[in-house]
Amino acid sequence: MALRLSWKVFPTNGCSHFLRAVRSSGVRLFPWSHHPWREPGSVLDPELKAFLEENTEVTSSGSLTPEIHLRLLTPRCKFWWERADLWPYSDPYWAIYWPGGQALSRYLLDNPDIVRGKSVLDLGSGCGATAIAAKMSGASRILANDIDPIAGIAIALNCELNQVNPFPILTSNILDLEQDKWDLVVLGDMFYDESLADSLHRWLKKCFWTHKTQILIGDPGRPQFSEHSIQNQLRKVVEYSLPEATRQENNGLTTSTVWDFQP
């Protein structure tokens, strides 16, 4: 089963066929997975760095943010077509620039006052585009959080591509940790599973009421988000029309929206 036909559409009910195949094949241990923090300027594992550079393509086309360059899986990459069980690492969600993240990144780039001089947590950072957009827009402190250590390496590489100073990356589940104080929390495309959506909702409410944090959510209208009770606590900020390439990769979704969470 080729990647192109299986995992590139974000799962809406459980896991895609590709993700089942990857999990059943076993996951290789990562040299630095025991250490969930990657500090700015830390040395990337050379083997993993070389693997990502060989099997991803640097691109800035087909998204809402052409000014941001990212290493992604594209049709010109081997693993876009290769059998899913040959991918040696964890599920590569980070290798697609999802539409919710695109909307958040576009909004921050167009409205730098939202983040200038502020602390920002990018929750479920993936490729790191929204954290990079926050950095470009003048955020004073940034943490990118993604539970996949490979995403952490991809984020560091994408910082280099965009000539932004690297920021800390946390690869443990931040929902299980004591909450820090942030001026702004951003999260895109995270409401794809009902159980996760409920956990996020509880965590975000606590974050808002404890620290008065502003919370922005990017989502293209997936059922797990649009049908969730969180809808009663959202204010629409902006809606973007998605580029054709993004529409094709996401089952024809045509728009993506940024929401302000106000419980």
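Start by selecting leucine 184, and show what it touches: contact here means heavy atoms within 4.5 Å. Leaving out residues up to four places away in sequence, its partners include Leu108, Val120, Thr213 and Leu216. Before going on, know that this is a predicted model, where local features need pLDDT of at least 70, side-chain atom pairs count only at pLDDT 80 or more, and totals for chains, interfaces and linings use all residues. Residues are numbered from 1 along each chain as its sequence is written, and side-chain values use heavy atoms, with hydrogens and water left out.

Next, select Leu52, Trp94, Leu108, Val120, Phe167, Leu184 and Leu216: these have the most contacts inside the largest nonpolar core, which has 53 residues. H7 gives the most to this core, with 8 residues. A nonpolar core is a set of buried Ala, Val, Leu, Ile, Met, Phe, Trp, Tyr and Cys residues joined through side-chain atoms within 4.5 Å. Buried means under 20% relative accessible area (1.4 Å probe, protein chains only).

Now pick Leu143, Phe191, Cys207 and Phe225, which belong to another core, of 24 residues, lying apart from that one.

Then go to helix H6, residues 129-136. Helices are DSSP runs of H or I, at least four residues, and strands are runs of E, at least two, numbered from the N terminus. How many of its 8 residues are buried? In H6, 6 are, including Thr130 and Ile132. Among the elements covering them are helix H5 (99-110) and strand E5 (141-145).

Last stop: just after H6, click glycine 138, which takes a positive phi of about 100 degrees.

Definitions and conventions
Buried < 20%, exposed > 50% of the residue type's maximum accessible area, 1.4 Å probe, protein only.
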